[in-house]
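Dear colleague,

Please find below the structure that I am handing over to you, together with its sequence. My notes on what was found in it follow directly after.

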Amino acid sequence: MKEKFTFRPLDVSDVSFLAQYAAECDGISDYSEIKKIERRLTQRLKNQNYIGVIAMLNKKQIGFVDGIIVNQTLELNEIYVNKKYRRKGIGEKLLKEIILMAKTKGINRAFFQTEPDNIPMQKLGEKFGFKLKVLTYEKILE
Ligand SMILES: CC(C)(COP(=O)(O)OP(=O)(O)OC[C@H]1O[C@@H](n2cnc3c(N)ncnc32)[C@H](O)[C@@H]1OP(=O)(O)O)[C@@H](O)C(=O)NCCC(=O)NCCS
């Protein structure tokens with residue numbers, strides 16, 4: 001049977017899924033540190049300018065996108081799809097949904113930043129019509 005993915009706005013029931021992802025990205029496994037992230041995310045959800053979409057398979061969260069509206073612009077923060085479900089159009093649908101959400105708030109510009117070697121994200125953005133605008137050079141000062 002074909003898997004049926006659903007999408008809905010992020011809410012407080014997603015905090016532990018998001019915190020788990022954030023902790024994994026930063027190599028954090030300590031329980032109290034994860035709880036701290038959860039508290040921070042719960043606070044963030046109270047910000048009217050913070051928006052996000054969650055992807056579900058049955059009752060399980062499998063991906064999300066979030067961002068913040070600043071100066072009439074949607075600054076995309078993070079987008080993630082569980083490895084098992086990649087290349088099935090979920091990333092694209094998440095982007096589509098968050099952009100729709102932003103548009104209903106009158107926003108007409110969005111951007112994201114990604115690493116030079118993050119080809120999936122770059123390709124996803126390009127497929128969606130994002131154009132490369134800024135190159136940032138960095139030097140670590142020792
Ligand atoms: C980036 C990410 C969200 C894409 O999610 P996804 O559900 O696999 O994306 P989709 O299936 O919707 O793919 C849409 C398009 O993106 C591009 N794309 C996605 N994965 C790709 C890959 N591995 N290589 C090249 N292009 C890719 C393709 O153009 C694809 O369209 P196509 O399948 O018709 O060729 C996912 O790879 C991910 O979670 N990566 C880890 C987290 C991350 O790096 N987030 C970005 C931080 S800025």
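**The sheet and its pairings**

Ile-69 has Leu-74 of strand S4 standing opposite it. Please bear in mind throughout that this is a predicted model. The strands S3 and S4 run antiparallel and are joined by eight bridges. In their hairpin, two residues lie between the strands, and Asn-71 takes a positive phi near 50° there.

Leu-74 also stands opposite Ala-110, which belongs to S5. The pairing of S4 with S5 is parallel and rests on two bridges.

As a general point, strands of a sheet pair through backbone hydrogen bonds, in either a parallel or an antiparallel manner.

Gln-61 is a residue of strand S3. What does the side chain of Gln-61 reach at 3.3 Å? It is the backbone oxygen of Ser-13. The side chain of Gln-61 is also joined to that of Asp-14 by a polar contact of 2.9 Å. When neighbours within four places in sequence are left aside, the contacts of Gln-61 are Arg-8, Ser-13, Asp-14, Phe-17, Ile-54, Ala-55 and Met-56.

The ligand is surrounded by 20 residues, of which the closest are Ile-79, Val-81, Gly-91, Asn-118 and Lys-127. By class, this shell holds eight nonpolar, five polar and seven charged residues.

Which residues place an N or O atom beside an oxygen atom of the ligand? For Asn-118, an N or O atom in the side chain is 2.7 Å from a ligand oxygen. In the case of Glu-92, a backbone N or O atom lies 2.8 Å from an oxygen atom of the ligand. Arg-86 has a side-chain N or O atom at 3.4 Å from an oxygen atom of the ligand. On its own the ligand has 930 Å² of accessible area, and the protein covers 76% of this.

Two or more residues of the shell come from each of S4, helix H3 (90-104) and helix H4 (119-127). The largest share is that of H4, with five residues.

With kind regards

Note on methods:
Residues are numbered from 1 along each chain as its sequence is written. This is a predicted model: local features need pLDDT of at least 70, side-chain atom pairs count only at pLDDT 80 or more; totals for chains, interfaces and linings use all residues. Side-chain values use heavy atoms; hydrogens and water are left out. A residue is near a molecule or strand if one of its heavy atoms lies within 4 Å of it. A polar contact is a pair of N or O atoms within 3.5 Å; within protein, one must be able to donate a hydrogen and the other to accept it, and residues adjacent in sequence count only if both atoms are side-chain atoms. Accessible areas come from the Shrake-Rupley method with a 1.4 Å probe; for residues, only the protein chains shown count as cover. Helices (H or I, at least four residues) and strands (E, at least two) are DSSP runs, numbered from the N terminus. Ala, Val, Leu, Ile, Met, Phe, Trp, Tyr, Cys and Pro count as nonpolar, Asp, Glu, Lys and Arg as charged, and the others, Gly among them, as polar. Contact means heavy atoms within 4.5 Å. Two strands pair if DSSP finds at least two bridges between them.
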